[in-house]
Amino acid sequence: MVILMEKKKRKYRLTSAQIIVGGFIILILIGTLLLMTPLASADGVVTPFLDALFTATSASCVTGLIVHDTATYWSTFGKIVIIILIQIGGLGVITTAFLIRVMMGSKISLVQRTLLQDSISGDNVHGIVKMSLFILKIVLLTEIGGAALMAPVFIRDFGTAKGICYALFHSVSAFCNAGFDLMGVREKYSSLVSYQGNVVINLVVCFLILFGGLGFYTWKDIQDKKFHFSKFNLQTKVVLTTSFLLIVLPAVLFFVSEYQGLPLKERVLSSLFQSVTARTAGFNTSDLSKFSDNSLVVMIFLMLIGGSPGSTAGGMKTTTIAILAATFFSLAVRRKQTVLFDRRIPESTVRSALALFLMYVFFFLIGGMMISGIEGQPLLSCLFETASAIGTVGVTLGLTPHLHAFSHVILIVFMFFGRMGGLTFMYAVLKKSRLDSSHLPEEDINVG
């Protein structure tokens, strides 16, 4: 009898992936209930469940897509709920919970350390608690520093108290790659368009987005190696190189194709800002509905890639696209294995990268076509919204607030999937196969 009970316990034990997914579901539901209360809306009305669920999901999954203008619809209490959801969602529910326990002096067991390791994409359990405290310190210093730099601008425009609150809100939102803004007080859904030529706001927000999207272990490696690129770990080298290319190349494209009518300073700032925000955060300083189809396709590609592993950003990640590009090059030169920076990439990692790529592209296309069919909107516009949701980016062509309920449900599922990550989501939903394929006969087929 005792043996049977132990077997049942082992059978129903939750995996790390299931706990992480469950933690985010609980966070979203709590946020939904709080946002439904009359206290959360500016007019003191009960917010419909689906609208509250959409907002809570977007905030917890640090996306930025909204169905109501954040500044004008939500009360002070509602805004506080949203920024707390953003902060917890950016750090990760499990990471936040363990940080609270550590600060309270509670002991962390080996099983709990393993869960924390999976939550922040750590390499091993050793030093994981110390790493979590390092993360907390960097997050607080960066967000406070960003707020301090932006505060003079917002104080000038909104007064002292409101300006400080605005600076802190936008600093947290930018660092967590969330894209929520409070600029609706000037014009609804306007994001940071009114600051298109402001050097401080543009550069600080860009820095916060980039820093938040690099990944916790990339920060640590940079700190330990003191900016000596040759000494960095392979992942840090790949993250920095890929991020640099994904910033510079699209910025040049936007500079050439989209901003010819602007003065040089605004043209440079807008091109850089759009290149940065398209990959990880939902702010914008331009009217995206005026962009050419070519630029919108480039932005869709950037949104699907997203940030880097173990960061506040979503998407299939910079390392995934780097591995796929390296695999393509290796095949082109008939090299047997994928190589990056003179290091062989394990076949299992290449398979994971390919699976992630196919998963994101498949869901993105299916979702876009479904919304296009339901809403009767152009396919490219709907693909843009679904890419923004699944990449947890938040930039929009203005469709999201006007979509029907079923389309909102699709975007909610995509935002959740994008924040969890494809592999975590699969591991949480699907059971591990017990089939050992090594004993099966091998047979080749032609491809290409």
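Helices (H or I, at least four residues) are DSSP runs numbered from the N terminus. The structure shown is a predicted model, in which local features need pLDDT of at least 70 and side-chain atom pairs count only at pLDDT 80 or more, while totals for chains, interfaces and linings use all residues. Residues are numbered from 1 along each chain as its sequence is written, and side-chain values use heavy atoms, with hydrogens and water left out.

**View 1. A nonpolar surface patch of about 930 Å².** The patch is formed by Phe362, Phe363, Leu365, Ile366, Met369, Met370, Ile374, Leu379, Phe406, Val409 and Val413. Helix H16 (347–375) and helix H18 (405–420) are the elements giving two or more residues to it. H16 supplies the largest share, seven residues; Phe362 lies in this helix H16. Patch residues have over 30% relative accessible area and no salt bridge, with nonpolar side chains (Val, Leu, Ile, Met, Phe, Trp, Tyr) joined within 5 Å and like charges within 9 Å. Accessible areas come from the Shrake-Rupley method with a 1.4 Å probe, for residues with only the protein chains shown as cover. A salt bridge is a side-chain nitrogen of Lys or Arg within 4 Å of a carboxyl oxygen of Asp or Glu.

**View 2. Packing of helix H9 (residues 160–175) on helix H10 (residues 199–214).** The axes, lines fitted to C-alpha atoms over the stretch in contact, are 7 Å apart at an angle of about 40 degrees (angles run from 0 to 180 degrees between N-to-C directions). H9 is therefore oblique to H10 (under 35 degrees counts as roughly parallel, over 145 as roughly antiparallel, 65 to 115 as roughly perpendicular, the rest as oblique). Ser171, Ala174 and Phe175 of H9 meet Val205, Leu208, Ile209, Phe211 and Gly212 of H10, contact meaning heavy atoms within 4.5 Å.

**View 3. Packing of helix H8 (residues 128–158) on helix H11 (residues 216–225).** With axes 10 Å apart, the two helices pack at about 90 degrees, and H8 and H11 are therefore roughly perpendicular to each other.
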